[in-house]
Amino acid sequence: MKRDRPRVMKRMSGRPTLWLCLSGLLICFAWSAAMSNSIPASDIPPVERLKSTWRAQDGETIEQIISHVSKVAQFVPQMWGVVELGESDYVFVSWTRHRDNKSDEQYAITWKVALDGTIELASTYAKPMELGWRALALSLIAREIADGERNANLRFLHDPTNFNFVTTPQGRLGDLLEQGRCTIIEPVGVDYLPKRNDKPNEKGDLWRILLLVNCDIQGPRYFTYNGVITFEKSEGQDWEPQSSFAKRIATFPPGSWFQRTEPKEEEHLEDRRP
């Protein structure tokens, strides 16, 4: 399934203009930064409502998430704003990857605020933030690498403890990988996959974690070298292992991952290896 990407906005004609593209809507708004600068974000009710009420699944506020992510990823928050569309407000925070912003590249994370006060994160690429700040940071860093950005924070991306938001019956994923002496390598994927209307039978509306690992333990080479670990989570559900290695991690403690080999498992894995 195609990965959603941050929508790029450009400053045009020497005047800061944000092109706000809402995921799922074929509409872009041109919104002048000069208009927003005349009203502090603290005086815009929808912005304050978002900051005071929206929470990630672990209880973090949006301001806490932005503060943490900006310290580990190429994420420089710029300004807050509001766009009205029909009966809903769309609150956004713009950001860029580089403080000098020489390329004038801009992005936005957008929330839909309905009349009844319901708040929904509208930017699909930013949906990992609903899992907490580490998930958002990991997804942004993975995208930096895919886009060829220099100085991406590989140390953070490859630190198993940053994946402890993925839980299994055996414990937290990052802790289990450390106990199994596993090293995370490229590529890493932390994504939200929306359901596509043109493919109703295809899975969607879920978070997916994809890791490749090398593990310094005894076991089949197709697990211990470039081993594929995939977990998925739907709203309100537990994380579910998808790959064969992930199922072993979720079922057995690290010292017992490879005590049994399923029939034709090696052939099956080789056929599905990316």
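Predicted model: local features only at pLDDT ≥ 70, side-chain atom pairs only at ≥ 80, totals over all residues.
View 1. Residues are numbered from 1 along each chain as its sequence is written, and side-chain values use heavy atoms, with hydrogens and water left out. The side chain of Arg97 meets that of Asp147 in a salt bridge of 3.0 Å, N to O, a salt bridge being a side-chain nitrogen of Lys or Arg within 4 Å of a carboxyl oxygen of Asp or Glu. Because Asp147 lies in the loop between α4 and α5 and Arg97 in the loop between β5 and β6, the pair ties together parts that are 50 residues apart in sequence; helices (H or I, at least four residues) and strands (E, at least two) are DSSP runs, numbered from the N terminus. Asp147 itself is partly exposed, with a relative accessible area of 29%. Arg97 also meets Glu149 in a salt bridge, at 3.3 Å from N to O, and this pair links the loop between β5 and β6 to the loop between α4 and α5 across 52 residues. Arg97, Arg143, Asp147 and Glu149 are linked in a network of salt bridges.

**View 2. The salt bridge of Arg172 and Asp175.** The closest N and O atoms of Arg172 and Asp175 are 3.0 Å apart in this salt bridge. Arg172 is partly exposed at a relative accessible area of 43%, and Asp175 is likewise counted as partly exposed, at 22% relative accessibility. The total count of salt bridges comes to 7.

**View 3. The buried side of helix α3.** In helix α3, which spans residues 62–72, the residues Ile62, Ile65, Ile66, Val69 and Val72 are buried. They cover an arc of only 140° around the axis, which puts them on the same side of α3, the arc being that of the directions from the helix axis to the C-beta atoms. An α-helix has 3.6 residues a turn, so residues three or four places apart point the same way. The buried residues of α3 pack against α2 (45–53), β4 (76–85), β5 (88–96), β6 (105–113), α4 (133–146) and α5 (154–157), with contact meaning heavy atoms within 4.5 Å.

**View 4. The enclosed helix α8.** Helix α8, residues 244–251, is largely enclosed by the rest of the structure, because 6 of its 8 residues are buried. These buried residues are Ser244, Phe245, Ala246, Arg248, Ile249 and Ala250.

**View 5. The nonpolar core and the surroundings of Leu211.** The largest nonpolar core has 64 residues, and those with the most contacts inside it are Ile109, Trp111, Met129 and Leu211. Helix α4 gives the most to this core, with 8 residues. Such a core is a set of buried Ala, Val, Leu, Ile, Met, Phe, Trp, Tyr and Cys residues joined through side-chain atoms within 4.5 Å. When residues up to four places away in sequence are not counted, Leu211 touches Phe163, Leu173, Leu177, Ile184, Pro187, Val188, Gly227, Val228 and Ile229.

View 6. Most residues other than glycine have a negative phi, and most peptide bonds are trans. The peptide bond from Glu186 to Pro187, however, is cis, with omega near 0°, and Pro187 is found in strand β10, residues 182–193. Asn151 has a positive phi, near 65°; Asn151 lies in the loop between α4 and α5 and is exposed, with a relative accessible area of 71%. The phi of Asn226 is also positive, near 55°; Asn226 is found in the loop between α7 (221–224) and β12 (227–234) and is partly exposed, with a relative accessible area of 26%.

**View 7. The protein chain as a whole.** The protein chain contains 9 helices and 13 strands, and buried residues make up 49% of its 274 residues. Among contacts with a separation of 6 or more, residues 24 or more positions apart account for 50%.

Methods
Buried < 20%, exposed > 50% of the residue type's maximum accessible area, 1.4 Å probe, protein only.
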